[in-house]
Amino acid sequence: PQGKPSRWIIDFNNMSLEDASEYKLPFEHIKVNVKPEREINRDKKARDFWWMFLRPRPEMRTAIEPLACYFSIPAHSKWFIFVPTSLDWLPNNSIHVVASDDFYILGILTSNIHRIWIKAQSSTLEDRTRYTPNTCFETFPFPQKPSQELVEKIRQTAGELHEYRSQQMEKKQWGITKLYNQFFNEPSSQLYQLHQKLDKLVMEAYHFQADDDILEKLLTLNLELAEKEKRGETVIGPWSPYS
């Protein structure tokens, strides 16, 4: 439920050897269980800084530090659903992170429009989609001219969807994949209905029509925004135009 981590980790982040050693039990655990493997690692950094993660991602840590939460998605999944994630949880290399706590952005990334883009831009592993940030996220064109009222409606609906999912996962003790397997394609379910409500609002934010070829529209918008960037013009990315 809620994507809660299944285990604790020892994270000394960027502590010096002297500072890390003050935490006697965890430091001793690392010294006994990790250091012997690090000593034979080909990477000099891994050998020299054996008490640290090899790639601690300081840029990510700095980006999420001031937020109330961040949005995360597994690198491989069936549903590729972003979820709000606690700052107490440190993502590993199989989790992609969006450094935002704005539920408007969560709403856009949760919409069918983003899923269409993912399907076109991603690779697959068996029956699971592989979410690659450079093709699925960095190239994704966000709405450029949504009204302030629409931004707030998307934000509220994404919040409603999060609350519903959280309640159902806790009540049933399910993970999010099981919840979506069970109810996403059931028109009478609240999950289905909330997604329909969100999709309608996001379509309005893009000024798309129901009979449009969505992928074609997104590709056209992508090219238009790339040209604007080349000219040095302002392009709206993964943030609210009114923040």
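Which residues form a nonpolar patch on the surface? In this predicted model, the patch consists of Ile9, Phe53 and Leu90. Together these three residues have about 230 Å² of accessible area.

**Overall layout**

The protein chain contains 12 helices and 6 strands. Along the principal axes, its C-alpha atoms fill a box of roughly 60 × 50 × 35 Å. The chain has 243 residues, and buried residues account for 40% of them.

Leu90, one of the patch residues, sits in the loop that runs between strand E3 (83-85) and strand E4 (95-98). Its relative accessible area is 32%, so Leu90 is partly exposed. Leu90 also belongs to the lining of the largest pocket, where it is named with Trp89, Pro91, Asn92 and Ile95 among the residues nearest the centre.

How many residues line the largest pocket? The lining is made of 50 residues, and the space inside the pocket is about 2,000 Å³. Several elements give two or more residues to this lining: helix H5 (58-64), strand E1 (70-74), E3, E4 and helix H10 (176-183). H5 supplies the largest share, with 6 residues. As background, rolling a probe the size of a water molecule over the atoms shows where empty space is left.

**Salt bridges**

Side chains of opposite charge can pair when their charged atoms come close. Across the whole structure, a search finds 11 salt bridges. Three of them are set out below, with the distance between nitrogen and oxygen.

| Salt bridge | N to O distance |
|---|---|
| Glu39 and Lys35 | 4.0 Å |
| Lys197 and Glu160 | 3.3 Å |
| Glu227 and Lys230 | 3.6 Å |

In the pair made by Glu39 and Lys35, Glu39 has a relative accessibility of 47% and therefore counts as partly exposed. Lys35 has a relative accessibility of 23% and is likewise classed as partly exposed.

Lys197 and Glu160 are joined by a salt bridge with the closest N and O atoms 3.3 Å apart. Lys197 counts as partly exposed because its relative accessibility is 38%. Glu160, at 35% relative accessibility, is also partly exposed.

Where do Glu227 and Lys230 lie? Both are in helix H12 (residues 214-230), and they are 3 residues apart, about one turn of the helix. Is Lys230 buried or exposed? Lys230 has a relative accessible area of 68%, so this residue is exposed. Its partner Glu227 has a relative accessibility of 38% and counts as partly exposed.

**Cysteines**

How many disulfides does the structure hold? The number is 0.

Ile105 is part of helix H6 (residues 103-110). With a relative accessible area of 0%, Ile105 is buried. In sequence, Ile105 and Ile154 are 49 residues apart. In space, the C-alpha atoms of Ile105 and Ile154 are 8.6 Å apart.

Trp174 lies in a loop, the one between H9 and H10. H10 is also among the elements that give two or more residues to the lining of the largest pocket. Trp174 has a relative accessibility of 15% and therefore counts as buried. Along the chain, Trp174 and Asn14 are 160 residues apart, and their C-alpha atoms are separated by 36 Å.

How values were computed. Residues are numbered from 1 along each chain as its sequence is written. This is a predicted model: local features need pLDDT of at least 70, side-chain atom pairs count only at pLDDT 80 or more; totals for chains, interfaces and linings use all residues. Side-chain values use heavy atoms; hydrogens and water are left out. A disulfide is a pair of cysteine sulfur atoms within 2.5 Å. Patches are made of residues with over 30% relative accessible area and no salt bridge: like charges are joined within 9 Å, nonpolar side chains (Val, Leu, Ile, Met, Phe, Trp, Tyr) within 5 Å. Accessible areas come from the Shrake-Rupley method with a 1.4 Å probe; for residues, only the protein chains shown count as cover. A salt bridge is a side-chain nitrogen of Lys or Arg within 4 Å of a carboxyl oxygen of Asp or Glu. Helices (H or I, at least four residues) and strands (E, at least two) are DSSP runs, numbered from the N terminus. Buried means under 20% relative accessible area, exposed over 50%, partly exposed in between (1.4 Å probe, protein chains only). On a 1 Å grid over the protein atoms alone, a cavity is a set of points where a 1.4 Å probe fits but cannot get out, and a pocket is an open set with protein on both sides within 12 Å along at least five of seven lines; lining residues have an atom within 4 Å of a point. Grid points are joined across faces, edges and corners, and a volume is the space filled by probe spheres set on the points.
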